[in-house]
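Please find my notes on this model below.

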Amino acid sequence: MKVSHYTVHSPRTISEALNILKDGAARPIAGGTDVMVQIKDDLVKETELLNLSYIMDLNYIRDDGDFIRVGALTTYSDLIRSRLVNEYSPVLVEAARTVGAVQIQNRGTLAGNVGNASPAGDGLPPLFATGAKVKLQSEASEREVDIGDYFLGVRKTVRQPNELITEVSVRKMKPGDYYFFKKIGLRSANAISLVSVAAVLVPAEVLTFKEARIAMGAVAPTVIRAKSAEAAILNCQLTDEKMKEVGRLASEEAHPITDIRATAEYRKQAIAGAVYEGLYEIVNGFRSPVNGSSV
Amino acid sequence: MPEVEAVKLASEEILQQGYSYINRSYQRVDALDKVTGKIKFFSDMKIEGMLFARVFRSSVAHANIVTLDTTEAERLQGVRAVLTYKDVPGLNAYGAIIPDAPVLGYGKVRFYGEPLALVAADDQETAEKALGLIKAVYEPLPAVHSMDESLKPEAPKLHDRGNIARHALILKGDVDRAFKDAHLTLERTYRTQSQKHMFLEPEAGIAYTDELGNLNILAGGQNPYRDKMQVARSLNISPEKVRVINYPAGGAFGGKDDVTVQIHLALLATKTKRPVKLVWNREESGIGGFHRHPSLITLKTAVNDDGRLLANDSHIYLDTGAYQSFGPTVLDVTIEVINGPYLIPNIRIDANLVYTNNGISSAFRGFGGPQGNFAIESMMDEMAEEMKMDPIDFRLKNLAKSGDIGPFGNSMRNMEGIHEALSRLRNSPLWQLGKELPPKPWIRRGTGVAIAIKGVGFGTIPDYPTAAVELLPQGKIKVLFSNPDYGQGVNTGNAQIVAEALDLPMNEIEVVNADTQYSPDTGSSSASRGTFTSGNALLVACNKMLDRLRMEAALYLESTRDGIEYASGRFLIKGNESKSVSIYDLAKGLRAKGETLKFEGTFEVPRYPEPVKGTLEVPHVVYMYGAMVSSIELNTLTGYLDVKNVDLMADIGNVINPLLATTQCEGGIVQGLGFATSEELVYNQDEKPMNTNYTTYIVPSIADIPKMYVEFIKTYEQYGPYGAKGMAEIPIVPVGASIANALKQASGVRYYQLPLTPGRVLSKLHDQGQG
C-alpha cells in the first residue's frame, strides 16, 4: 500500500485530533518510523491516518515535580538534547541514543514507541525501569496508565481506538541513583534489538542497593521486569559471583523467541551477559550515579 | 613491434620522465554530476509513453509447472502485454558461461523466484495487480536445500546431467606420499555463506525501439557487449539491432555481470512497441538476483619439522544454486587461490560446482577468492600456531619467490611486492599492538593476519579489449571504451591514462560512458580488469594517434618524423621551439580533407596458451596481492565482534589514482567485513530467502566501520598501463580470514564458518568453555 491510499487528517489542535479519532477509524502517526514501514508491508488495517505533525501543543518536555512530561510529538533527538532529561533520566537518554540511527532519532517519538508496542522498542525498557505513565485522551475522557499496565502483548495495548497518546510522563531518577542501558543488535546502528535491558538501582549505602528495577526488551511479548534478579540485588555486596547470579536470574525470567535474527538460546545468554556487564560497570566505577544537584 | 611491447616502452619512457597525471588523486570525473543529481539513474528516468513492467516469479523452489494461466491478467484494463516462455522468439536461456537458465521458465522450476511471466501495463499498480491474476499450478518436487543434500546419491536431480555442474581434478607431485613423510598434518573443513551484493540501486532498466528500428536497452550492467549478444540471441535478431547503455548503475559488485532485466525489457519493448521500464524491488532483488557462492572446503595440509609446507589436498564444493551463470569461472578462482601464493610441492585440488535450489549464485567481488582464502589462510594460521611459529614468519617462509613454479606450472612473477607487504605488516603498530589488558574483563583483544592472491582478468581465456580515442578539432579528446563505470572509477582512471599518454590536461579529456553505439568492445568491468584492459587498449590507440599526427606535423613543419618532437599538445622542431603546431590545428586541417582522427587500439592480454585441464581460465599471468592485519575486540558475554582496525598493504602495481584506489580498497574491506561478521542470505523451509531487505540482511553501517589504513607497495607491472594491475577485488579477499584469525587469538577458539555472528560466536565460546 501507499500513503496515497489513506485519507490523511492533519489537525492543528488536540481537540480536533480527538474529534477525528472519535469513531476509531484513524491510525495516529507522528514520526512515522514504524507506521510508514507497516503501510508499505500492508499491515495498517485502518483506512485513515491521523497525522499529528502539526499539533504544536504536543511537542514539549516539561518539568513537573517528580515527573518529566514528554509530549507525543517529542522525538528521541529532542530527548537527547534536553538538559532536563539528561539530568533526571539519563537512562532514557542512553537508550534514545541507540534507537535506529540519527535519522530515525530525528523523526521517531517516544510516544510512538509506546503506541507501536513492539517488545523490541528501545525507548520502552527505561520507562519500565524508572516508572512512567502514559496519558490517553479521548473526546470524552482522559486517563493515565502505569507503563506496567499499558501493554497487553505484541502490538496490543489498553489504548482504545478513540484514544490518543498525548503524553508520556517519565518519573525522575534521584541523585545518587545508578543506572544502565544495554542493547544488543546485529550491528552498531540501524539494528533492531536482539535483547535490551534498562536498570535503575537506588543505593542504600556505598554500592549496596535498597531498590532495583530491571526491565528487559525483546525477550517476551512485552517489555518485562526481571523481578527475581531485582530481588537478588537488594541489600547485599555485589560480588562478581553475585552479579553473575543476577544475570542468570534475569535470563531465567526471559522467554524469548527464535527468529531470523537470533535464537532464543542466544537471547537468554545475551541478556545474562548484558545484565552482568551493566552491574560490573556500576560496581567497578565505570558509571557515575545521577547527579541532579547542578539543576 | 607487437602492441604489448609498444605499451611497455611507452610506459617506461614516461616513467623515467616522471608522471604528470598518473599517481595523482583526481576527483572522479562524474563526481559533481552525481552529487548534484544531474545524472539520472535508469530507475529514476521517465520516457514519454513508457509502460511499467513486473516479473511473475515462482512461489516454489522445485516443481513441475502443470499450468500457467495468464488469461485474467491479459484481460485487465491497462495491461499491454503478458509474456511467457512461448513469447521468447530465440534461445530461451541465458547465462554468461553456459546459457542454462531459462529467460522465462517452462516445464520445471528450480528456485523460488524463478521468472515465469512478464507483465507490462500503463502504470505500476496495474502491473502489480496483473501479477496477482496470473495462476501457476505446480506439481511440487522435493527441494535440495544444501550442497550436503545435493551430493547424496538419493538427492533429487535438478538437471539431467545430475547435481554436479562441473568437476576438476588437478594434481601436482604426490600428496599421499607427502602426508606419510609429514611432521604435522591438519585436516579441517571450512564453510562460507551466501552473500548479497546489496547495491543501492536494484536491478533496473528501460528499453525502447528507436525510429531506426533499433532496440535500445538502458540498464545498469557490467558488460554491454555480452548483454547485447544475450539479448539478440534470445530475441532472435541481429546484434546490430541492439544497443546497450550500461552507465550509470547504482553499484554492481558482480551482481549485474550476467543479465538481469535486459532480456525481459527487450521482449516487452519489442512486443508492445512502447518504451518499458522495469525496476526490481528490494525483495525481488533478494529473491531473483544473484549472490555469492556458498562454499564447503576441506583442506588436508602438511608441513615438515622446519615449518615448510609439503602438501595441500583440497576438496572444494561451491553451491551454484539452480543454474551455472558464472559458476564455472568462480570455481576456477577458488581453485586458483586455494594454495595461496605459497610454494607447495604436492598438491591435489578436487573441485566441484554443485546445483541446489538456492537461487542463482554468480559473480561477486572476489569471485570465489574470499571463499578459498578463508580456508587456506585459516589453515596457515592454525599451522603456524601448531608449529609455534609467528604467523607472519610462517607465511614469509612459505611464500613463493619470483621465478618459482606455481601450482599450475606457471611462473610466479613479481613476488617482491607481497614479500615486502608482509614484512612491513610485521612492523606495523597494529601487529605490534601491546598486549595490555582491556579494562573490562569480558572484552578480549586479538590481531589476525591473512594474505591474498587474485588474478587480474580472464586468465587463459583469450581477451582482446579494444578502445578508441578521437581528437576533436575544437580542443577535446574523446575516450571510448565499454567497461562500464558503475562507481569504481574506471572513467577517471582512463582519463588520467589518456591525459598522460597525450600529455594533455584532464579538462581536455572527455570520457564517453559505456554505450555499444559508440564504445568499442573492451569487455566487462569485472575480474579487476577495467583499468588494465581499457587502459592498455587506450595506450595503443593514443600511440596510433600520435603517430598519425607526427607525420602530419612533419609535413606542416617542413621537417621529418625524426626531426620533430611532441609535448603538451604541440609538435615542435627539435632545437627550434619557435616553430610548432598544435594537434588541434592539425586536426582542423585533416578534418577539412575529410579525415577523422579516431583511432582504435586493441590490446592482447598476456596469457598462458592453455588452461589447466578441468578449468576454463587457470592460471593468470598477472596477479594482485594483499596482506592484511585486523584487530578486534570480542565481547565474551554477548559474542559481539567489534572490528577496530584493518590495515591493508596491497600490491596493485603502479597506482593510477591513489585516492580512488584507497577508497575502493576501503569499500572492499567494508564489504569483506559484512562477509566476515554479519551478512548471510537465509532460506526458509520452502527455500524462500527470508532476509532480503536492509533491516534483516545485516550490511555493516557507518558505525561499524573500523579504522582502516591502506598502503600500496610500490611495484610496476610491465604488462599494465603505466605499470598498473587491477585492484577492485584484492581488498575483500583476505578480510574473512584475518578477522577469524584475530578472533582465534582473542578467544582461544577457532571458527571454521562464516559469518561470525554474535550467536555463532557465543555458542562456540560456550561449547569450548570460553564464554
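1. Arg62(A) has Arg69(A) of β5(A) as its bridge partner. The strands involved, β4(A) and β5 (residues 67-71) of chain A, run antiparallel and are joined by four bridges. Strands here are DSSP E runs of at least two residues, helices are H or I runs of at least four, and both are numbered from the N terminus. Two strands pair if DSSP finds at least two bridges between them.

2. A word on the basis. This is a predicted model, in which local features need pLDDT of at least 70 and side-chain atom pairs count only at pLDDT 80 or more, while totals for chains, interfaces and linings use all residues. Residues are numbered from 1 along each chain as its sequence is written, with chains lettered from A and ligands numbered from 1 in the order in which they are written.

3. Which sheet is this? In chain A, five strands form an open sheet in the order β4-β5-β10-β6-β7, with antiparallel pairing. Its edges are β4 (61-64) and β7 (142-146) of chain A, each pairing on one side only. From one strand to the next, the twist averages 25° (axes are lines fitted to C-alpha atoms, and angles run from 0 to 180 degrees between N-to-C directions).

4. Chain B has a hairpin of β22(B) and β23(B), with two residues between the strands. Strands β22 (residues 564-567) and β23 (residues 570-573) of chain B pair in the antiparallel sense over four bridges. Ile564(B) faces Ile573(B) across the pair. Check Ser568(B) in this hairpin: its phi is positive, near 50°.

5. Chain A is assigned domain 1 (1-173) and domain 2 (178-292). The bounds come from an automatic or database domain assignment. The C-alpha centres of these two domains of chain A lie 25 Å apart.

6. How much of domain 1 of chain A touches domain 2 of chain A? 23 residues of domain 1 are in contact with 25 of domain 2 (C-beta atoms, placed from the backbone, within 7 Å). On the domain 1 side, α4 (83-88), α5 (90-96), α8 (124-130) and β8 (151-153) of chain A each supply at least two residues. The most come from α8(A), with six. That side divides into 15 nonpolar, five polar and three charged residues. Nonpolar covers Ala, Val, Leu, Ile, Met, Phe, Trp, Tyr, Cys and Pro; charged covers Asp, Glu, Lys and Arg; the others, Gly among them, are polar.

7. Between chains, 18 residues of chain A are in contact with 21 of chain B. Helix α12 (residues 264-283) of chain A gives the most to the chain A side, with seven residues. That side holds eleven nonpolar, five polar and two charged residues.

Terms used. Contact = placed C-beta atoms within 7 Å.
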